[in-house]
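Work through the exercises below with the coordinates open. Try each task before reading its solution.

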Amino acid sequence: MKRLLVVLGAVCLIVLLLGAMHDLAPASVELHAAVAANLTASGVEHPVTAVLLNFRGYDTLLEIAVLLLALIVILAIGREEASNAEATVDVRLLVSPVLQTLAKLATPLMIMVAFYLLWAGSFRPGGAFQAGAVLAAAAVLLHLAELLPSWQSPGARLRLGLAGGFLIFLAVGAGSLMQGALLEYPLEQAGALILLIESGLTISLGLILAGLFLLLSRDDGETS
Amino acid sequence: MMVWLILLPLLWASLAFMLGPSRGVWPAIAGLVAQLWLAFALAAEIVGSGAAMHAVGGWGAPLGIDLVADGLSAAMLLLTQCIALPLAVYAHAYFKRDDPARNYFWPLVGFLLAGLNALFLSADLFNIYVTLELLGLAAVGLVAAGGGAQQIAAALRYLFATLVGSGAYLLGVALIYGTYGTVSTVTLVSLIGADAPDLVWIAGGLMVLGLMLKTALFPFHFWLPPAHGGAPAPVSALLSAVVVKASFYLILRLWVGPFSSLTVVASLVVWFPALLGTLAVFWGSYQAIRAERLKMLIAYSTVAQLGYLFLIFPLLASAGALQAGIMQVFAHGLAKAAMFAAAGTLIKATGQEMVAGLAGVAERLPVTLFAFGLAGITLMGLPPSAGFLAKWQLIELALSQQQWVIAFVVLVGGLLAAVYVFSVLRQAFLLAPADSVVTPVSRTLEWTAFVLAAASVLLGLRGVELMQLVGVT
Amino acid sequence: MTFNELLPLAVLASSLIPGLLIFTLPESWVGLRTTLNLSGALVKLALVLLLIVGVQAGESYGVHFAVLPGLNLAFKADALGLLFITLSAVLWLFTTLYAIGYLEGAPRRSRFFGFFSLCVTATMGIAMAANLFTFFVFYELLTLATFPLVVHRGTEASIRGGMTYLTYTLIGGAVLLTGIVWLHHLLGHTDFAHAGIAAALGSAYDGQLQIIFLLLMIGVGVKAAIVPLHGWLPQAMVAPAPVSALLHAVAVVKAGAFGIVRIVYEVYGIEFAQSLDLLLPLAIFAAVTIVWGSFRALFQDDLKKRLAYSTVSQVSYIVLGITLFGPIGTVGGLVHLVHQGLMKVTLFFCAGNYAETLGIHKVSEMNGAGRRMPLTSIAFTIGALGMIGVPLTAGAVSKAWLIDGASAAGMDWAIWVLWTSSLLNAVYFLPILWRTWFKPIPKAWPAEHIVARGWRETAWLLLLPPMVTAAMTLAAGMFPNNQISPLSWAKLIAEREYVHESIIWTP
Amino acid sequence: MSLEFAFDLLLVLTMVWSAWRSLSATRLDRAIVMFIVFGLLMALAWARLSAPDIGLAEAAIGAGLTGALLLDAYGALQRREI
Amino acid sequence: MTAGLLFASVGVILFALGVAGVLLLEHLLRRILAFNIMGSGTFLVLVGLAQRNGIADPVPQAMVLTGIVVAVAATALALALARRLYVLTGKLELSQDDEA
């Protein structure tokens with residue numbers, strides 16, 4: 001019964017939407033033109049970065065909050081104390097020395113890539129998200145190679161790193177609010193402020209994304 | 001001023017996180033006091049000089065994101081802060097030192113409130129999506145935090161409901177952006193006319209349905225009772241009192257805002273939410289009457305009370321319908337927060353989760369029971385209470401538009417509420433069994449619930465200012 | 001805020017504030033609680049006295065607050081309201097005294113007296129309400145405040161009685177609310193005014209107004225215990241005696257009867273109600289209630305139950321009086337509002353005394369009680385004779401006016417109803433008096449709690465209130481034309497309600 | 001039909017197929033692998049929609065991190081079942 | 001038919017597939033997969049429909065970047081809850097009996 005209803009509903013939705021999507025009149029507002037027109041005032045040259053960190057920077061601020069929040073929830077859910085540690089031993093032995101060497105070699109390379117992406121973001125595809133993701137990927141790789149342990153509960157310094165990027169963003173927002181509007185950058189400092197935010201975000205995003213993985217994998221973690 | 005209502009909770013939430021597990025209560029309470037003051041100041045400003053607007057980044061819609069505070073949003077902000085502060089004080093006294101739910105309580109609450117405040121202020125459909133996710137994930141986290149298998153299962157159910165809800169909403173936003181090239185609600189009001197393409201109708205339907213799922217309107221209510229009934233009392237209170245209202249607020253906003261020219265054309269569409277609301281009133285009350293666990297009873301009562309909110313949709317042609325809806329939001333918000341808080345105290349003191357285990361609490365915990373009773377008065381819609389004013393307004397509107405059915409549903413709903421409220425009170429007034437033990441509880445727990453309940457009653461004596469505020473557009 | 005605006009609020013506050021304070025008192029602070037109770041009652045009495053003097057001098061007292069745009073919480077103290085206020089204020093004092101004696105040493109007294117005071121506050125609010133909205137607010141508040149009193153004992157039986165009470169009153173409240181909102185929707189306000197407000201709508205609304213009248217009457221009829229809405233009243237007997245006294249004589253049933261008075265006279269207007277043919281059906285219901293209540297009382301062995309059915313019957317005297325079109329019937333109904341209160345409160349005090357002192361709960365246990373408790377029994381006798389309508393009691397005055405009113409209105413059948421009821425009253429009260437005075441004392445009382453000391457057959461706080469109210473019953477019966485008698489006051493009110501007739505009082 | 005359109009058509013068909021497989025595969029590990037494939041195809045689709053930023057993010061986060069999280073969860077599942 | 005419209009249409013299909021999956025599948029990991037497919041479908045509609053005339057629009061692209069990050073946050077959260085549930089009960093399904 002439920003199955004039938006859901007399938008029927010899904011099919012209806014597809015048919016309705018596909019039918020309605022054809023011969024749609026052109027949109028009355030053309031934002032890409034507005035973005036192009038204001039690009040010089042945004043402080044960066046890459047339009048997507050301009051939207052992400054300037055025109056709709058407020059979305060990004062809240063989005064980082066969502067990410068940080070997810071990490072906090074994972075911490076808050078807690079974990080089973082000393083969950084059957086003996087069942088986890090066998091997997092450890094499977095890690096090959098080749099992987100470990102590979103990981104050791106790749107990590108510095110990935111960090112460099114991350115910095116490149118961060119720097120490139122202001123004028124071509126790339127930016128804090130991609131950079132942060134690469135950093136996180138490096139951490140995941142190190143973890144898989146047994147070189148980086150799972151997190152148990154983060155210490156004060158790590159918490160600072162996790163929340164730091166968000167706090168920098170928030171501070172810039174609060175500062176700009178006192179001057180005028182939220183996240184309204186002065187024209188000449190826009191580029192610098194965006195770079196500051198992006199740098200903070202890269203580190204924090206990398207840490208948070210890595211943290212999502214490293215915290216989740218702790219259930220069968222390094223209790224020894 | 002309104003932007004600080006968003007930044008402050010974000011600030012104290014991250015501060016509390018950095019301070020470490022189970023820290024951060026004082027920044028939180030300080031922040032909440034400031035927020036309460038800000039919300040009052042904002043409301044006063046709006047009554048004085050009309051709706052306020054803030055262009056984030058200085059760009060203005062449609063390129064940037066606008067924040068708009070009109071009477072409706074200011075009222076919701078006010079309610080949220082009014083409930084959050086007493087509940088924060090309550091929560092501080094509620095969690096034991098070693099309660100795992102306490103570890104990350106403050107950061108989660110902070111993000112939750114930031115999401116709420118941001119949602120109420122936003123005038124941008126996509127930005128609202130982000131706030132919905134912030135709100136939803138924080139709420140799920142609060143339900144799950146430190147809980148056992150039951151809470152985790154409830155949280156998962158809640159999570160999937162909220163994700164599907166916001167997914168449908170986002171698809172609607174995508175279709176709107178595709179059609180008009182903007183997601184600013186202010187711009188869209190003038191763009192969407194009665195001759196809008198079919199795609200916009202589908203978009204509207206998807207958004208409203210998704211939000212109904214998030215509001216737990218019957219028959220999408222399945223996730224609410226386990227989540228609200230299973231969470232720790234301060235969390236249940238916060239979720240039932242304001243979080244479900246946020247998505248209702250959004251439906252209302254869309255209904256009278258961007259989609260207003262559509263809802264005017266389709267005269268039958270307005271009956272759809274009202275029909276579901278009616279069913280919610282009856283089904284929720286029925287389940288509440290049958291419930292054996294106290295918190296389940298209150299959670300099902302939320303399902304029923306949310307039904308009232310959707311009764312206003314056929315009446316929105318009259319000016320007063322919005323006011324009636326907001327009055328009901330306030331009444332239920334304050335009363336339900338008080339009721340969950342009182343229930344938490346009762347359960348803590350008696351160690352009993354069942355309604356049947358409450359015999360004799362009238363004698364042992366009079367203040368808490370009084371709070372429960374006052375909150376019950378509001379839920380039943382008996383005078384003098386905000387719930388009564390809401391009921392009065394609803395019935396009068398229904399009569400003036402000859403919608404007898406709605407008046408009938410409101411009246412019968414009130415009587416059904418009386419059945420489940422008094423099924424608790426009757427138990428409480430029984431003489432205590434000789435072997436019952438009541439552990440002493442902190443006075444803070446008793447009086448914070450009382451303050452909330454008293455507020456829900458006293459608002460029934462003076463609703464003029466609130467109605468004036470809601471009228472500002 | 002002027003003095004004339006403040007005074008009605010002060011009357012409310014004089015019981016509200018002590019009530020709220022009492023809630024917070026620890027159980028053991030007997031002295032402070034008693035002081036609060038009595039000072040509240042005395043202050044209220046003084047304030048009411050001020051009101052009476054003012055109203056007689058033609059002052060008008062009133063105040064209103066906006067609750068919602070176009071919806072006011074409004075109070076006024078007019079002649080009709082004052083009739084009820086005075087009755088409540090006087091009887092509150094005595095009932096409080098009685099309750100202090102009755103509950104001595106019992107648990108949960110702070111809660112009891114707190115709700116007791118709230119209950120009186122609600123009654124005052126009903127009496128001073130200047131529109132139907134305000135009336136409803138306090139009407140429902142009264143329901144809520146009396147529930148904890150009814151279930152005070154906390155036994156299963158008392159809870160069941162309380163739930164029955166709630167079922168009736170809450171459903172009645174919902175019906176009443178429908179009527180009030182409907183009327184508010186039609187008129188835009190529900191303010192009470194002499195000669196009514198409904199007539200202003202014009203004849204197109206007659207049908208709707210008739211339906212609204214039915215809704216309103218069902219709503220207030222529940223509390224006034226009009227058959228078939230009376231089922232809660234005998235059930236509520238589980239309450240402690242002071243509560244029963246309060247419920248029957250002052251607060252709940254009177255609130256219903258008073259509501260009928262307000263609606264008929266000041267919402268519809270007696271002349272307009274007559275023109276809509278609303279009075280006769282109401283009169284028939286009242287008549288049925290009068291006879292049915294008296295009839296059922298015959299078969300009750302439980303003393304309080306017998307009194308309860310007697311209340312069902314007697315309250316409808318008031319309703320019948322109101323529906324007898326013409327000023328004489330009005331006076332009869334209004335004066336009975338006061339007289340019935342005095343007599344019934346006496347009877348319940350006495351019933352409580354029998355139960356508290358000797359453990360007597362049933363009529364069949366009352367043999368010889370008069371010799372053991374002569375003072376209580378004298379008071380009881382006066383009350384019972386008053387109910388029958390024996391001359392020189394308050395009941396005789398009301399009955400005389402009611403019968404004259406019926407003949408003046410050309411409703412001779414009502415006279416028969418009244419005579420039948422009087423006969424039945426005699427049949428169920430006289431045997432009690434016979435047993436009390438002329439049967440021999442049994443070997444042992446059911447449960448003797450209080451031992452007689454000299455002339456004090458029971459605790460003096462239990463003895464004093466019924467003696468005073470019995471004396472008042474006699475006074476009202478012997479000096480009906482005194483300037484401060486309830487009768488004079490009722491005449492004053494009737495003069496103001498019949499605007500189109502010149503009244504010559506020839507009873 | 002141009003070559004580009006044919007490529008797009010092939011791409012979307014593969015996407016729908018992989019999405020379907022990742023939901024309907026009986027074995028959970030296959031489902032997860034199909035999901036990672038789907039993510040990579042999505043990255044390709046973003047490139048075709050001239051959105052290289054999203055393509056990068058999708059590959060790194062959508063397919064990469066999400067895939068790693070899912071695989072790790074699957075691994076934990078397997079280990080516990082032993 | 002432009003590339004944008006083609007991808008938007010596929011987005012619709014993926015969305016419907018994903019929603020049906022979330023509603024019908026029992027296994028929690030599979031439901032999480034379905035949720036991600038649903039999200040991807042939505043993102044395709046957002047960008048595809050906006051770019052149906054073939055001009056790249058950075059605004060929906062930025063929105064999708066935001067959306068992807070939100071989706072990964074939700075996925076991680078769901079996985080954490082699912083794994084926790086598994087530790088506590090040994091099941092990776094939500095039982096039906098507490099649904100009523």
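## Exercises on chain contacts and helix packing

Chain B is assigned domain 1 (1-265) and domain 2 (268-473); these bounds come from an automatic or database domain assignment. This is a predicted model, where local features need pLDDT of at least 70, side-chain atom pairs count only at pLDDT 80 or more, and totals for chains, interfaces and linings use all residues. Residues are numbered from 1 along each chain as its sequence is written, with chains lettered from A and ligands numbered from 1 in the order in which they are written.

**Exercise 1.** Describe the contact of domain 1 of chain B with domain 2 of chain B.

Step 1. Take the centres over C-alpha atoms: they are 22 Å apart.

Step 2. Count residues in contact (C-beta atoms, placed from the backbone, within 7 Å). Domain 1 of chain B brings 41 residues and domain 2 of chain B brings 47.

Step 3. Find the elements on the domain 1 side. Those giving two or more residues are α2 (25-49), α3 (71-94), α9 (224-230) and α10 (233-256) of chain B. Helices (H or I, at least four residues) and strands (E, at least two) are DSSP runs, numbered from the N terminus. With 13 residues, α10(B) gives the most.

Step 4. Sort the domain 1 side by class: 30 nonpolar, nine polar and two charged residues. Here Ala, Val, Leu, Ile, Met, Phe, Trp, Tyr, Cys and Pro count as nonpolar, Asp, Glu, Lys and Arg as charged, and the others, Gly among them, as polar.

**Exercise 2.** Which pair among the six pairs of chains that touch has the most contacts?

Step 1. Chains A and B have the most. Chain B puts in 48 residues and chain A 46.

Step 2. Look at the chain B side. α5(B) gives the most to it, with ten residues. By class, this side has 31 nonpolar, 15 polar and two charged residues.

Step 3. Turn to chain D. Here 20 residues of chain A are in contact with 15 residues of chain D. On the chain A side, α7(A) gives the most, with seven residues.

Step 4. Check for pairs without contact. Chains B and D have none, and their closest C-alpha atoms lie 15 Å apart. Chains C and D do not touch either, with nearest C-alpha atoms 53 Å apart.

**Exercise 3.** How do α5(B) and α3(E) pack?

Step 1. Two packed helices are described by the angle between their axes and the distance between the axes. Axes are lines fitted to C-alpha atoms, for helices over the stretch in contact, and angles run from 0 to 180 degrees between N-to-C directions.

Step 2. Helix α5 (residues 125-144) of chain B and helix α3 (residues 58-89) of chain E pack at about 10°, with axes 11 Å apart. Therefore α5(B) is roughly parallel to α3(E) (angles under 35 degrees; over 145 is roughly antiparallel, 65 to 115 roughly perpendicular, the rest oblique).

Step 3. List the residues. Among them, B:Phe126, B:Val130 and B:Glu133 are on the α5(B) side, and E:Met63, E:Thr66 and E:Val70 are on the α3(E) side. The contact has eleven nonpolar, one polar and one charged residues.

**Exercise 4.** How do α6(B) and α3(E) cross?

Step 1. Their axes come within 10 Å and cross at roughly 165°. The two helices are therefore roughly antiparallel to each other.

Step 2. The crossing is left-handed (the near helix is turned anticlockwise from the far one by less than a right angle; clockwise is right-handed).

Step 3. The contact includes B:Ala149 and B:Tyr177 of α6(B), and E:Pro60 and E:Arg84 of α3(E). Its residues divide into 16 nonpolar, one polar and one charged.

Conventions. Contact = placed C-beta atoms within 7 Å.
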